[in-house]
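Please keep the sequence and the structure in view while reading.

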Amino acid sequence: MIDLSKIARANIQKLRAYSSARDEFSGNEGVFLDANESPYGILNRYPDPYQSELKSVLANLKQVQPEQIFIGNGSDEAIDLLFRIFCEPVKDRALTFAPTYGMYDVSAEINAVELVKIPLNRGFDIDLEEALKVISDQRLKLVFICSPNNPTGNLISIKSIERLLASFHGLVVVDEAYIDFSSGKSWVESLNRFSNLVVLQTMSKARGLAAARVGFAFGNPSVIELMNRVKPPYNVSSLNQQAALTALSDGETFEIQVQQILQERGRLKGKLLELKSVVSVYPSEANFLLVEFVDGQSIYKELVKRKIIVRNRANQVNNGIRITVGTPAENDLLLSELIKIEDEESTVY
Ligand SMILES: *Cc1c(COP(=O)(O)O)cnc(C)c1O
């Protein structure tokens with residue numbers, strides 16, 4: 001087993017968390033004169049800094065211990081915290097597999113951490129040989145693996161992730177923002193096998209709560225304890241904790257919506273493949289399709305003109321546009337506008 005305390009930055013290992021008087025008193029009933037709150041109003045009290053109720057619901061749902069859960073202001077907060085806890089600015093490094101989610105880059109940059117990028121192979125999977133070489137670097141502290149990957153949509157092979165977990169002296173962070181749309185199993189189930197595994201999930205995608213900003217990190221209790229120590233004490237508001245609890249309590253709506261999106265993903269893919277402006281649609285385990293167009297740039301511009309906003313990924317994947325699966329009506333609108341664009345620019349296609 002890896003001694004994780006040796007991997008964290010020395011200043012973080014020494015850090016004592018901010019404590020409030022409420023730490024010494026648990027219970028909702030009492031006369032609270034400790035935190036300089038207003039005695040009036042409905043949002044007048046600070047939220048539970050440990051999000052105990054939400055953690056107990058999640059622990060049950062994910063079959064983990066509450067001590068294995070960190071709750072953040074979106075999973076983006078967890079990404080930033082991992083850099084701050086484990087990477088010494090200017091000295092340490094992290095690894096990603098390109099193309100992938102842009103926040104790893106931004107967080108690395110903010111924390112003055114060099115990000116090493118290994119290109120994904122032709123099937124958008126990890127080049128294991130190359131990765132095993134890079135992770136022997138003692139200054140490398142974090143490896144981010146997005147699976148299903150954004151923007152390519154595929155799962156990363158289990159074998160590669162297992163090999164990296166078994167071989168790496170630092171943390172392997174598997175970002176599962178899209179896991180609910182996927183046929184793959186969550187890595188949360190493997191937490192007890194690998195002490196250096198951290199799994200990120202979010203309420204922002206399948207759970208339909210992007211506005212509330214609630215994300216999760218699941219990991220070894222010693223890593224989670226460091227994250228809780230470093231986070232701002234009241235990082236998830238009462239409104240957001242409540243929104244998350246409400247969403248998690250309605251499993252039925254969640255299942256129906258996911259099924260609807262998966263069905264639409266298949267239908268949309270079929271219709272896109274009929275268009276002459278489309279070269280190919282990559283396989284997807286997420287709620288979006290990565291589409292290669294004949295001329296991605298002009299399609300993107302034309303769609304924006306028609307107020308249809310998609311994600312131009314041309315700089316990551318040749319002529320690639322990432323299209324989120326919407327409602328049936330939204331997807332139909334996208335398709336009919338694409339047909340109009342083709343008709344108007346008939347010389348191009
Ligand atoms: C959307 C997304 C997230 C979600 O971030 P939140 O801060 O929880 O909204 C995380 N990782 C990836 C790969 C994503 O695409």
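## Enclosed cavities

The structure, which is a predicted model, holds 2 cavities of 30 Å³ or more. Rolling a probe the size of a water molecule over the atoms shows where such empty space is left.

The largest cavity has a volume of about 80 Å³. Its lining is made up of 13 residues, and the closest to the centre are Lys62, Asp180, Gln201, Thr202 and Arg207. Two elements, helix H2 and strand S6 (197-202), each give two or more residues to this lining. H2 gives the most, with 3 residues. By class, the lining of the largest cavity has 7 nonpolar, 2 polar and 4 charged residues.

## The second largest cavity

The second largest cavity holds about 40 Å³ of space. The residues that line this cavity are Phe97, Thr100, Leu120, Phe144, Ile145, Cys146, Asn149 and Ile156. Strand S4 (residues 140-146) gives the most to the lining, with 3 residues.

How do the residues of this lining divide by class? There are 6 nonpolar and 2 polar residues, and no charged ones.

## The largest pocket

The largest pocket contains about 860 Å³ of space. It is lined by 31 residues, of which Asn28, Tyr46, Pro47, Asp48 and Pro49 are the closest to its centre.

Helix H2 (52-62) and helix H8 (238-249) each supply at least two residues of the pocket lining. H8 gives the most, with 4 residues. H2 also gives the most to the lining of the largest cavity. Sorted by class, the lining of the largest pocket has 14 nonpolar, 11 polar and 6 charged residues.

## The ligand and its shell

Which residues are the closest to the ligand? They are Tyr178, Thr202, Ser204, Lys205 and Arg213, out of 13 residues that surround the ligand. Thr202 is also among the residues closest to the centre of the largest cavity. By class, the shell around the ligand has 4 nonpolar, 5 polar and 4 charged residues.

A polar side-chain atom of Ser204 is 2.6 Å from a ligand oxygen atom. For Ser75, a polar backbone atom is 2.7 Å from an oxygen atom of the ligand. A polar side-chain atom of Asn150 lies 2.9 Å from a ligand oxygen atom. The ligand exposes 380 Å² when taken alone, and the protein buries 94% of that area.

Terms used: Residues numbered from 1 in each chain as written. Predicted model: local features only at pLDDT ≥ 70, side-chain atom pairs only at ≥ 80, totals over all residues. Heavy atoms only, no water. 1 Å grid on protein atoms, 1.4 Å probe; cavity = no way out; pocket = protein on both sides within 12 Å on 5 of 7 lines; lining within 4 Å. Points joined across faces, edges and corners; volume = space filled by probe spheres on them. Nonpolar A, V, L, I, M, F, W, Y, C, P; charged D, E, K, R; others polar. Near = heavy atom within 4 Å. Polar contact = N/O pair within 3.5 Å; in protein donor to acceptor, adjacent residues only side chain to side chain. Areas by Shrake-Rupley, 256 points an atom, 1.4 Å probe, with all protein chains shown as cover.
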